[in-house]
Amino acid sequence: MPTLLHVDSSADLRHSRSRALTAAFADAWRARGPEYTVVVRDLHTSPLPHLETSALHWAAGDRTAEESVDPAAEAIRQDVIDELLAADVVVVGAPLYNYTVPSSLKAWIDRIHVPGVLAGDVQPLAGRPVVTVVSRGATYDAGTPTEHWDHGSPVLELILGTALGMRQYPVTVSATLADRLPELAPLADHAAAEFADAKTTLERLATTL
């Protein structure tokens, strides 16, 4: 039974662009047939705790004798890892908060980036499709002063694509605050068109991955 892991991290439960786009992907996935199941992990409404100890960065066999982990914390990490391993496809909603990923999403990343378990010489997720949906309130066009201010997209590429070896399909929308900030208002039509194109792309991907 094909399984999609649907991860959201936006704190906006009503108007989030990233949530709208990941939902469009999930809906198109379900539309393929009743056997296409979806597991939802909402990192905002059900947040993961931040790492209880730095020892959780390591596989159990790679910890020093002085490093110990509470069994409950170990169980949380294993839950997150097992859930990811069980997914055939993953879609991750990642709004840009203060130029990087939300802290709720970072807590999830810290649970899955474990050398010797999912990363490093061992990559059980190598080649697994992951669709990353990054929504950015402003613009970060080449040649502008803010060109390099998006520090969220590189994190996703580095961890999911490089460290875990997953096959990443990045989808990005910008100027999502054009309907709220006067200085971005001239970009409203462009932002709407970009959102529509992203939705079409995601619905197509959901029928092919």
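What is the volume of the largest pocket? In this predicted model, the largest pocket has a volume of about 650 Å³, and among the 25 residues that line the largest pocket, those closest to its centre are L96, Y97, G137, T176 and L177. The points below take up the lining of that pocket, then the nonpolar cores, and then the aromatic pairs.

**Pocket lining**

- Sorted by class, the residues that line the largest pocket comprise 10 nonpolar, 10 polar and five charged ones.

**Nonpolar cores**

- The largest nonpolar core is made up of 29 residues, and within this core the most contacts belong to L84, L105, W108 and L164.
- Two or more residues of this core come from each of strand 1 (3-8), helix 2 (71-85), strand 3 (89-95), helix 3 (103-112), strand 4 (129-135) and helix 4 (152-163), and helix 3 makes the greatest contribution, with five residues.
- When residues up to four places away in sequence are left out of the count, W108 touches L5, V7, R41, L43, L48, V80, L84, V92 and L160.
- Another core, which lies apart from the largest one, has 18 residues, including F25, A26, V173 and A206.
- As general background, nonpolar side chains in soluble globular proteins tend to be buried together.

**Aromatic pairs**

- The structure contains two aromatic pairs, of which one is formed by W29 and Y36, whose ring centres are 5.1 Å apart and whose planes stand at 85°, so that this pair is classed as edge-to-face.
- W29 has a relative accessible area of 1% and is therefore buried, and Y36 is likewise buried, with a relative accessible area of 18%, because the cut-off for a buried residue is under 20%.
- The other pair consists of Y99 and W149, with ring centres 5.4 Å apart and planes at 85°, so this pair too is edge-to-face.
- Because Y99 lies in the loop between strand 3 and helix 3, and W149 in the loop between strand 4 and helix 4, the pair ties together parts that are 50 residues apart in sequence.
- Y99 is partly exposed, with a relative accessible area of 38%, and W149, at 40% relative accessibility, also counts as partly exposed, because partly exposed residues fall between the buried limit of 20% and the exposed limit of 50%.

Methods:
Residues are numbered from 1 along each chain as its sequence is written. This is a predicted model: local features need pLDDT of at least 70, side-chain atom pairs count only at pLDDT 80 or more; totals for chains, interfaces and linings use all residues. Side-chain values use heavy atoms; hydrogens and water are left out. A nonpolar core is a set of buried Ala, Val, Leu, Ile, Met, Phe, Trp, Tyr and Cys residues joined through side-chain atoms within 4.5 Å. Buried means under 20% relative accessible area, exposed over 50%, partly exposed in between (1.4 Å probe, protein chains only). Helices (H or I, at least four residues) and strands (E, at least two) are DSSP runs, numbered from the N terminus. Contact means heavy atoms within 4.5 Å. Rings of Phe, Tyr and Trp (its six-membered ring) pair if their centres lie within 6.5 Å; planes under 30 degrees apart count as stacked, over 60 as edge-to-face and the rest as tilted. On a 1 Å grid over the protein atoms alone, a cavity is a set of points where a 1.4 Å probe fits but cannot get out, and a pocket is an open set with protein on both sides within 12 Å along at least five of seven lines; lining residues have an atom within 4 Å of a point. Grid points are joined across faces, edges and corners, and a volume is the space filled by probe spheres set on the points. Ala, Val, Leu, Ile, Met, Phe, Trp, Tyr, Cys and Pro count as nonpolar, Asp, Glu, Lys and Arg as charged, and the others, Gly among them, as polar.
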